[in-house]
Amino acid sequence: MCAEACPVSLLPQQLLWYSQAEDHERLEAHNLFDCIECGACSYVCPSNIPLVQHYRSSKSDIKKAQEEKVKSTQARERFEFRKQRIELAEKEREAKRAARREAAKQAQASTGTDAMADIVAAAQARAAAKTTSPEQELAKLQRAVSSAEMRVEKAQVKLDSALENAEPTEKINILSAALSGAQQKLEKAKVRLAEHSN
Amino acid sequence: MAFRQVSSPHAHGAQNTARLMQLVVWATIPGLIALTWHFGWGSFINVMLASITAVISEALILKMRRRPVGFYLGDYSAVVTAVLLGLALPPLCPWWVVVIGTVFSVVIAKQLFGGLGYNPFNPAMVGYVVVLISFPIEMTTWVTPLALLPDGITHPDFLESLKLVFFSTSPMDGVTGATPLDSFKHAAGLTVDQIYQQDSLFSQAMFAGVGWEWVNLGFLVGGIVLLGSRVFTWHGPVAMLVTLALMSLIFWDSGSSQSPGSPLMHLFSGASMMGAFFILTDPVSSAVSNRGRLIYGALIGILVYIIRAWGNYPDAVAFAILLANFTAPFIDNYTLPRTYGHTDRRKATERLEDK
Amino acid sequence: MSIVSISEVTKNGLWTNNPALVQLLGLCPLLAVTGTVVNALGLGLATMMVLIGSNIIVSLIRHHVSDAVRLPVFVIIIATFVTCAELIMKAFTYELYQILGIFIPLIVTNCAILGRAEAFASKQSVGMAALDGFMMGLGFLMVLVCLGAVRELLGQGTLLADMQLLLGPIANSWTLRPFGEGYSFLIAILPPGAFLVMGFLMAIKNAIDWQIKLKAEAHKPAPVKGAKRIRTTGHIS
């Protein structure tokens, strides 16, 4: 009776079977989504089966399943894209490295050629860029001299205290060596300062 | 505050299963009257006995399955099964035939498959076939119609019939004879006209066989009443009857000795009308769509004729219907109706990805 | 290889893993020949013999047969034993052999036998394999005889008819007729009857299992109230 009552010619009996069995494929093959939930089938059903309720719950189940499917495909796509992107970046880096290696090799192979000259020129340019004004340079050298002086004094103090406390000879040797090293550095700094001032 | 979600419909039709089943039982009354008039009280006793057995066995099996007994008994489906089985069984057959057939119908064919609505086969026909296979002698002994009984002999009255049914050990003598389909089956080598002249079953009949034509007319009337009250659609019965008529017309062979009988005889003897209107219209075990029902009915018509004409059994409605029940899900797969708004029919097994 | 105990093998074969009732193997001969007790007993004994023999041999050669060819080897072993059984039946119970006919050679295709060879005998010691063959065979035999008895009783109203075919002249007068002469209920003898009776036997077995389970649950001590607490945080120690 329900099949005759249905305004869109569905088969309510079959739909009920498949919705109880949760057979979504069959339900869609039977055009469940063309059901307008008018309730005519339930109205005429002699067994009082709540057909429409079954269809509604099946419809929402199917929708949910579809949404989940969409979500999972999206997640998969995202993941795959990320993997691809990382791979691509890795490849690019690898290519850069390879290019640099290649350039170095070429440079080594052709010493004295134009490439070498280029590199030398580039290094000179860098050095030129680094040079600063003479005043700054002077201040820097003066700072170096004063810090070297301080180090010499400190070494002297340490050596004196060691001698006073009669420490072992090895330590005194080391300390005196340090003192002489510091003195040499001080000399060098003074020389450089003198050169610069000239 | 929560709103209850109620889906349509918000009203319900007055029809319910119990009323529908009662209607079917009432509709068998013309046929039952015809049977009782022509073949004595046997059919009436069959129906009563089967109904009582069906109700008792249904109650027991429901209890065993821990289902509400009153609710399921109240839908009258057991009674309908029993009435149909009782009408199909030969009158005055021993009581244990009726009881075994009914128990098989209700317990095994119906309840063990899950109860009303879940049975793949028509329960009444399963019971009928079980007893037909098991007790061939009892099941092929029919009572002679009233009009053909010799003068002075009548059918046993109600009490005597009861005695025969419950206490007789051997099949009844004196008032038994062949059915029209039997006579055709066993009259090899005779032309149809010769059979008609020789056999008083046909020579005294109006068009199909004494008594039988009235029984079938009775069921036809009942069936038309049911059709009028829209219990089922016309597709199944009409398809079956038309196919049966067509088949017998094709193989009529102008009444030669090879002919299995005229269309009229096939339509109005045996269980043709009862099968067409009361058995194959069972909404549970038949095909569901209108086109499917046409195919289903036609299949039954063909099978009935094939088994009647060339099979071992004189009548074949039960076998044909059981065989067609097997095919019903298959037919359903291929006969989905075109849904409103769609341009083509679909198959039930179709997947969306196939498109 | 898992070690199994004798009682476990026995219980498996006779009840929990019964080849006919639970595994539903070898149903074709089971349903076809169980019209009477004597047929069922004949086929059941033959099957049991084949099962024991093939299990023993399969277990003996289990270290010498490579995996690739094991199935053909098993089948040949089983076929050998079936041929033996057939010849024995031909020699001693010729009439029964004629009644059972094709179903004796068809024991080869009984998947219960190949299944046991594959699943059990090829992994266990000879003694266990023999015991398993015996118990599985006995389980199969019991179901066959039950089916045969029920179908014979319902179908033709006799019990133990024609037992002399199997057991010789002692059994000449064993036939019982509880319902008297002239009783018959054909459907029980015909194939549908076999399916119906088989279905009921399985239902009875499941019902018994269910009862046992219920009883076991009833005997289990009820969990003490408050013994289990659900803790959400922290530890007690």
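This report describes the chains of a predicted model, their contacts and selected local features.

Residues are numbered from 1 along each chain as its sequence is written, while chains are lettered from A and ligands numbered from 1 in the order in which they are written. Because the model is predicted, local features need pLDDT of at least 70 and side-chain atom pairs count only at pLDDT 80 or more, whereas totals for chains, interfaces and linings use all residues.

## Chains B and C

The secondary structure of chain B comprises 18 helices and two strands. Chain C has 10 helices and zero strands, and its pattern along the sequence reads α-α-α-α-α-α-α-α-α-α. Helices (H or I, at least four residues) and strands (E, at least two) are DSSP runs, numbered from the N terminus.

The table lists overall values for these two chains. The radius of gyration is taken over C-alpha atoms, and the globule rule is 2.2 Å times the number of residues to the power 0.38. A residue is buried if 20 or more other C-beta atoms lie within 10 Å of its own, exposed if 12 or fewer, and partly exposed in between, with C-beta atoms placed from the backbone.

| Chain | Residues | Radius of gyration | Globule rule | C-alpha extent along principal axes | Buried residues |
|---|---|---|---|---|---|
| Chain B | 355 residues | 22 Å | near 20 Å | about 85 × 45 × 35 Å | 52% |
| Chain C | 237 residues | 22 Å | near 18 Å | roughly 80 × 55 × 30 Å | 36% |

For chain C, a compact globule of 237 residues would have a radius of gyration near 18 Å, but the chain has 22 Å.

Two residues are in contact if their C-beta atoms, placed from the backbone, lie within 7 Å. Among contacts in chain B between residues at least 6 apart in sequence, those joining residues at least 24 apart make up 73%. In chain C, 78% of the contacts with a separation of 6 or more are between residues 24 or more positions apart.

## Domains

Domain bounds come from an automatic or database domain assignment. In chain B this gives domain 1 (15-177) and domain 2 (179-335), with C-alpha centres 21 Å apart. The contact between them involves 31 residues of domain 1 of chain B and 28 residues of domain 2 of chain B. On the domain 1 side, helix H1 (17-27), helix H2 (29-39), helix H5 (77-88) and helix H7 (123-134) of chain B each supply at least two residues. H2(B) provides the largest share of that side, eight residues. The side of domain 1 of chain B that touches domain 2 has 25 nonpolar, six polar and no charged residues. For these classes, Ala, Val, Leu, Ile, Met, Phe, Trp, Tyr, Cys and Pro count as nonpolar, Asp, Glu, Lys and Arg as charged, and the others, Gly among them, as polar.

Chain A is divided into domain 1 (2-68) and domain 2 (132-197). Their centres, taken over C-alpha atoms, are separated by 97 Å.

## Contacts between chains

Two pairs of chains touch, and the most contacts are between chains A and B. Chain A and chain C are joined by no contact, and their closest C-alpha atoms lie 24 Å apart.

## Helix packing in chain B

Helix H3 (residues 42-64) of chain B packs with H5(B) at an angle of about 145 degrees, and the axes are 8 Å apart. Axes are lines fitted to C-alpha atoms, for helices over the stretch in contact, and angles run from 0 to 180 degrees between N-to-C directions. The crossing of H3(B) and H5(B) is right-handed; a crossing is left-handed if the near helix is turned anticlockwise from the far one by less than a right angle, and right-handed if clockwise. Residues making the contact include B:Ala50, B:Ala54 and B:Glu58 of H3(B), and B:Ala78, B:Ala82 and B:Leu85 of H5(B). By class, the contact of H3(B) with H5(B) has 10 nonpolar, six polar and one charged residues.

## C:Cys111

C:Cys111 lies in helix H6 (residues 111-119) of chain C. This residue counts as partly exposed because it has 15 C-beta neighbours inside 10 Å. Beyond neighbours within four places in sequence, C:Cys111 is in contact with C:Leu25 and C:Gly26. C:Leu24 is 87 residues from C:Cys111 along the chain, and their C-alpha atoms are separated by 9.5 Å.
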